[in-house]
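Here are my notes on this one, written as I went through it. Have the viewer open while you read.

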Amino acid sequence: MRYDHKAIEPKWQKKWEEKGVFHAENNSEKKKFYALIEFPYPSGQGLHVGHPRPYTALDIVSRKRRLQGYNVLYPIGWDAFGLPTENYAIKNHVHPRTVTEKNVARFKKQIQSLGISFDWSREINVTRNFL
């Protein structure tokens with residue numbers, strides 16, 4: 001039997017999110033564990049191998065802590081300020097907000113396809129109030 005990742009993985013990732021399997025609980029009596037990666041800068045190029053490496057390492061630790069009974073907060077966010085976005089926007093005659101929103105959407109889809117146990121209910125975008 002062949003493993004059909006295109007059918008199986010999205011099915012379970014959707015169920016995990018619907019059930020909030022990786023969501024931290026507010027006001028929980030459980031011991032707390034906080035895992036934080038450096039928020040990615042969503043460039044127009046999309047993910048590269050340097051992105052999933054730290055996410056995977058902390059994902060392993062976060063999943064272990066959940067199994068040990070911890071209330072785990074493992075958030076994800078976006079840090080899209082900077083000259084690369086501005087330069088790209090100027091060069092291509094497009095508003096930086098448009099570039100940023102498109103890049104964040106691409107990164108989010110790519111990261112979600114990896115099945116990392118981020119708490120997507122607490123997603124942060126540092127650019128939302130500034131562009």
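Which residues does Tyr41 touch, not counting residues up to four places away in sequence? Keep in mind throughout that this is a predicted model.

1. **Tyr41 and its neighbours.** Tyr41 touches Asp79, Ala80, Phe81, Gly82, Pro84, Thr85 and Phe107, once residues up to four places away in sequence are set aside. You'll find Tyr41 in the loop between S1 and H2. With a relative accessible area of 24%, Tyr41 is partly exposed, because the buried class takes in residues under 20%.

2. **The aromatic cluster.** Phe107, one of the contacts of Tyr41, also belongs to an aromatic cluster with Tyr55, Tyr74, Trp78, Phe118 and Trp120. Searching the whole structure turns up seven aromatic pairs. Take Tyr55 and Phe118: their ring centres are 5.7 Å apart and their planes are at 70 degrees, so this pair is edge-to-face. The pair links distant parts of the chain, since Tyr55 is in helix H2 (residues 52-67) and Phe118 is in the loop between helix H4 (96-114) and strand S4 (124-125), 63 residues apart. Both Tyr55 and Phe118 are buried.

3. **Phe118 has another partner.** How is the aromatic pair of Tyr74 and Phe118 arranged: stacked, tilted or edge-to-face? The answer is tilted, at 4.6 Å centre to centre and with 45 degrees between the planes. This pair, too, links distant parts of the chain: Tyr74 lies in the loop between strand S2 (71-73) and strand S3 (77-78), and Phe118 in the loop between H4 and S4, 44 residues apart. As for cover, Tyr74 is buried with a relative accessible area of 0%, while Phe118 is buried at 1%.

4. **Charges over rings.** Two arginines deserve a look here. The charged end of Arg63 sits over the ring of Trp16, 5.6 Å from the ring centre. Arg65 does likewise with Tyr70, its charged end sitting over that ring at 4.8 Å from the centre.

5. **Salt bridges.** How many salt bridges does the structure hold? There are five, and I'll go through some of them. Glu25 pairs with Lys30, the closest N and O atoms being 3.2 Å apart. Both partners are partly exposed, Glu25 at 40% relative accessibility and Lys30 with a relative accessible area of 37%.

6. Lys108 forms a salt bridge with Glu123, with 2.8 Å between the closest N and O atoms. It links distant parts of the chain: Lys108 is in helix H4 and Glu123 in the loop between H4 and S4, 15 residues apart. Lys108 is partly exposed, with a relative accessible area of 25%. Then there's Arg122, whose side chain meets that of Asp119 in a salt bridge (3.0 Å, N to O).

7. **Positive phi angles.** I'd check two backbone positions. Asn27 isn't a glycine, yet its phi is positive, at about 55 degrees. Asn27 belongs to the loop between H1 and strand S1 (32-34) and is exposed, with a relative accessible area of 78%. His93 also has a positive phi of about 55 degrees without being a glycine. Look for His93 in the loop between helix H3 (83-92) and H4; at 75% relative accessibility, His93 counts as exposed, because the exposed class is over 50%.

8. Which residues make the nonpolar surface patch of about 310 Å²? They are Tyr3, Ile8 and Trp12. Tyr3 itself lies in the segment before helix H1 (5-19).

Conventions
Residues are numbered from 1 along each chain as its sequence is written. This is a predicted model: local features need pLDDT of at least 70, side-chain atom pairs count only at pLDDT 80 or more; totals for chains, interfaces and linings use all residues. Side-chain values use heavy atoms; hydrogens and water are left out. Patches are made of residues with over 30% relative accessible area and no salt bridge: like charges are joined within 9 Å, nonpolar side chains (Val, Leu, Ile, Met, Phe, Trp, Tyr) within 5 Å. Accessible areas come from the Shrake-Rupley method with a 1.4 Å probe; for residues, only the protein chains shown count as cover. A salt bridge is a side-chain nitrogen of Lys or Arg within 4 Å of a carboxyl oxygen of Asp or Glu. Helices (H or I, at least four residues) and strands (E, at least two) are DSSP runs, numbered from the N terminus. Rings of Phe, Tyr and Trp (its six-membered ring) pair if their centres lie within 6.5 Å; planes under 30 degrees apart count as stacked, over 60 as edge-to-face and the rest as tilted. Buried means under 20% relative accessible area, exposed over 50%, partly exposed in between (1.4 Å probe, protein chains only). A charge sits over a ring if NZ of Lys or CZ of Arg is within 6 Å of the ring centre and within 35 degrees of the ring normal. Contact means heavy atoms within 4.5 Å.
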